[in-house]
Amino acid sequence: MTAVQSRAACRNETGDPGVWRRQVARAFSRASDRYKQLALAQQKMGEALWEHLPAHARSVLDLGCGPGHWSRCLAEHYGADCRVIGLDIAPGMLATAHQSPSPRVHWLCADAADLPLADCRVDVAFSNLAIQWCPDLDAIMAELFRVLRPGGRAVINTLGPGTLQELAHAWSSGDALLPFQSRERHLASARLAGFGKVQSSAVSERFHYPDLRAVMASIKGVGAHATRRTVTLTRSDVARAEKRYEALREAAGLPVSYQRLCIVLDKEPTPCPPSS
């Protein structure tokens, strides 16, 4: 997901990464009932990962599964012999996922940086617009490498610099945004984790909304408004933002840009070390 964030907040002013994880979990839990209706951009971008999936898999991890849309799609795609783990840090998202159960999907509440899964457990790891929320990219990549079987693949959508640039303009501050990490940083982290074959592409995606209220709803409605401190906006602040955003209006509406990084990671087909 994306966030209107202060950079100070992203550094975690408490010094405790657990505080940030709990706040993200609460924000996404509160948004769980509205996610499907308001996450249309996120779902559209997730479709682009489909072409990178391997033909066969018996065990799949949906990392940052939200209310479980892609988990259920993956279970249907790979058929009766495949089991899918839908993992999310937000209990509320998983509660919503449970409302549409699938016999081949197991829901798991956990942190992506500390996966409660055995080594070499999954054939495919799928993650759509989730890992940018994690403060420790290297830990995420290391965990993905650890749980993938030899020959396994991770397919990831995340977001890079330039995402939500219109919001930065409207609020007159680049510091209003989460500092998305570069493509090069993601590739370096993947190689550090042990991935020998790394593919990536950067794609600009643009969506349109009728007004600023709809823009903010599309972001806040999917939980992407979590901050480590409360910021009070006055009516004049909002009016100024609306005026600046209106200057960007296109025929289709107010634009919202995402810089989507599509990353495909293949684990070499060498045996995993025996479990200790």
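**Exercise 1.** Find the ring over which the charged end of Lys267 sits.

*Solution.* The charged end of Lys267 sits over the ring of Phe145, 4.5 Å from the centre of that ring. A charge sits over a ring if NZ of Lys or CZ of Arg is within 6 Å of the ring centre and within 35 degrees of the ring normal. The model is a predicted one, in which local features need pLDDT of at least 70 and side-chain atom pairs count only at pLDDT 80 or more, while totals for chains, interfaces and linings use all residues. Residues are numbered from 1 along each chain as its sequence is written, and side-chain values use heavy atoms, with hydrogens and water left out.

**Exercise 2.** Describe the largest nonpolar core and state which element gives the most to this core.

*Solution.* Begin with the term: a nonpolar core is a set of buried Ala, Val, Leu, Ile, Met, Phe, Trp, Tyr and Cys residues joined through side-chain atoms within 4.5 Å, where buried means under 20% relative accessible area, exposed over 50%, and partly exposed in between (1.4 Å probe, protein chains only). The largest such core has 30 residues, and Leu61, Leu63, Ile140, Phe195 and Leu265 have the most contacts inside it. Among the elements that give two or more residues to this core are strand S1 (59-63), helix H7 (137-147) and strand S7 (254-266); helices (H or I, at least four residues) and strands (E, at least two) are DSSP runs, numbered from the N terminus. H7 gives the most to this core, with 6 residues.

**Exercise 3.** List residues in contact with Phe195, leaving aside its neighbours within four places in sequence.

*Solution.* Contact means heavy atoms within 4.5 Å. By this rule, the partners of Phe195 include Met141, Leu144, Phe145, Leu265 and Lys267.

**Exercise 4.** Work out how Trp50, Trp70 and Phe126 form one aromatic cluster.

*Solution.* Rings of Phe, Tyr and Trp (its six-membered ring) pair if their centres lie within 6.5 Å, and planes under 30 degrees apart count as stacked, over 60 as edge-to-face and the rest as tilted. The structure holds 5 aromatic pairs. Trp50 and Trp70 form a tilted pair, 5.6 Å centre to centre with 40 degrees between the planes, and this pair links Trp50, in the loop between helix H4 (40-46) and S1, with Trp70 in helix H5 (residues 69-78). Next, Trp50 is partly exposed, at 26% relative accessible area, whereas Trp70 counts as buried at 11%. The ring centres of Trp50 and Phe126 are 6.1 Å apart and their planes stand at 75 degrees, so this pair is edge-to-face. Phe126 is buried, at 0%.
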